[in-house]
Amino acid sequence: MQTATEIGTNHSGMDISPAAEEMLENTELTEPPSGDERSLAKLRGEYASQAEPVGTLPQAEASLILLMDKLGERLAFERSGTRLYDALMVKCKAAGAKIPMKELQHIRDEEAMHFALCGAAIQSLGGDPTEQTPCADVAGVEGMGLMQVLTDPRTTLAQCLHAILVAEMTDNAAWEELIELTQPTGNGDLVARFQKAQENEADHLEKVRAWYKEATMNGG
Amino acid sequence: MKGILQEKGVPLDKQRLTWRDMVQKPISKLDDDAYTRVRIILMNGIELEASRFSHAAARMNPPALQRLLADVRILEQHQATLINWLIGPDHSPLETTIAYEQVAIDITAAVAMREPDEYLAQVYRFGLLEDFDHLYRYSALLDRLEGKDANNILQSYTDILPGRPTIDHHRAPQDNLRKPYDRKSAAPLSKLHALTIMAAEQQTHNFYMNIGPMYADPVARQLYAEIASVEEEHITQYESIIDPEESWLEKWVLHEVGEVYNYYGCMQQESNPRVKAIWERFCDYELGHLQVALEAFQKFEKRDPEEILPEELPEPIPQASQREFVRETLANEADLRANGTEIVDKKKENKASLQYRKEVNADGSPSETVSAGYRWAPGSELKLKVA
């Protein structure tokens, strides 16, 4: 597999094209329709004003709606996180990377534990962990690009670790938020478990940053 | 290209593709020449038209012929898969859209330039200026929605300029039908051109209909809705130039000849050696399919293939930049419109089309909105100076 970015025949820029001069004439030759980007903003605004939400929560106490939605988001994100690490382990193996496989497996297992923790928390608060909440759905949309990067056989280890870094930074911020949202429920046990999860995530982030830096400096 | 149609190619029972064959390494969006991607999109369209045609034929013909069509169709399915899966996953659907329009512009232009029938050439130039405008509208969307430069895909081969404005492409259905060529007197090249462009437009329509709803942005969803509707009109136009008096089997033979012709053209012009080998392999496969179609033609219709086969295949359709021809056509023909089967001056446009257009554009025009004030510039806003 590709382990580093190399010099080659990239055709996407203008300097390499013998037809660049003719292409440049386009700017002057264009007689555009009147108006500007505000036309797009206006149309988008009209749709936004009439939009319905991506979905709803079926049943929850009013005071728990936000927390349940966010727990659903964390549950979905952590489960997808295990898949990102599965893909990263395949990538590391193919690249002959120096990153210890057991450390990656450990992080992967912690992501799975966090998933289980969210599921148990949702149940303890009277919710249904099999339900896909609106925030879970939207987090899935966010993650689509990350998964594309991790599963593309052509991407380098450093490119994949960059994607993982995005996921871990989000994860850290999200656990912090979850703790803040749980504190008002007075459930000290849950808060303590979430704090432990946040510590794990801080550890993941530190490791991923270091691996990313090393892979990048090594040309990947 | 003398004699190629006399070759037998690879027999059907030797044409096997594993899933691994079908899912090969994709091309590089960045490093491969834009025309490698153009060929991939074109040939995927050709294969999918072969499949759609074969299904339609199967529904209208007896079991003995259904069996032969099925034998060939599963192979075309696998060929289409291999070809379409060569598009790399780092293309956003909108970047692939830019490439689809590059196909529609540069291949249609090449066809219009070489078409021996003046009426058909006019029809191609008419469609060309509409696809040309679509490229401008999609380039504006790519820039304004994703912050990307369409020229990374086009590689400076194809202009990004307004053509005949998309807002004016919407016509009453009767103004999208054209006159067919005569199967008995039309040049073989005319038949090959019509099948090729119809196939390309049909796949463009399918593609827009599939990816349009994948966008979150309402501007993008509207633009795809609008342009997909024009592609539907284009399929109507291009299928109507083909003689409906050709029998099912005659059409099947012509489809197979068209596939041979287009793979041969790709083989001749491909710059990526790995992809070139695919075109060579599939050209041989198509010669094998042609044998099956010819045997069926003789068996079921009791007709001599020489009656419909060209003595030799015409020179391939050039797969290259047609900037000068497109600019010239734009300067002379942007103001043409359709009235029934005729291409006429704007002033003579059919009232039914004017009324239809007024109705579909009543809530605003997506293509005008997306490109309001838009001029393509290299690297998008690279012209901005650092403060």
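Select chain A and begin with its contacts, where two residues are in contact if their C-beta atoms, placed from the backbone, lie within 7 Å: among those between residues at least 6 apart in sequence, 76% join residues at least 24 apart. The model is predicted, and local features need pLDDT of at least 70, side-chain atom pairs count only at pLDDT 80 or more, while totals for chains, interfaces and linings use all residues. Residues are numbered from 1 along each chain as its sequence is written, and chains are lettered from A and ligands numbered from 1 in the order in which they are written.

The C-alpha trace of chain A spans about 70 × 50 × 25 Å along its principal axes.

Now select R38(A), which lies in helix α2 (residues 38–50) of chain A. R38(A) has 11 C-beta neighbours inside 10 Å and therefore counts as exposed; a residue is exposed if 12 or fewer other C-beta atoms, placed from the backbone, lie within 10 Å of its own, buried if 20 or more do, and partly exposed in between. Buried residues make up 32% of the 220 residues in chain A.

Turn to the side of chain B that touches chain A, where 30 residues of chain B are in contact with 30 residues of chain A. Helices α6 (151–154), α8 (218–240) and α13 (366–370) of chain B each supply at least two residues of that side, and α13(B) gives the most, with three residues.

Finally, within chain B, select helix α3 (residues 63–84) and helix α10 (residues 273–301), which pack at an angle of about 165° with their axes 11 Å apart, the axes being lines fitted to C-alpha atoms over the stretch in contact and the angles running from 0 to 180 degrees between N-to-C directions. That angle makes α3(B) roughly antiparallel to α10(B), a term for angles over 145 degrees, whereas those under 35 count as roughly parallel, 65 to 115 as roughly perpendicular and the rest as oblique.

Notes
Helix = DSSP H or I, 4+ residues; strand = E, 2+ residues; numbered from the N terminus.
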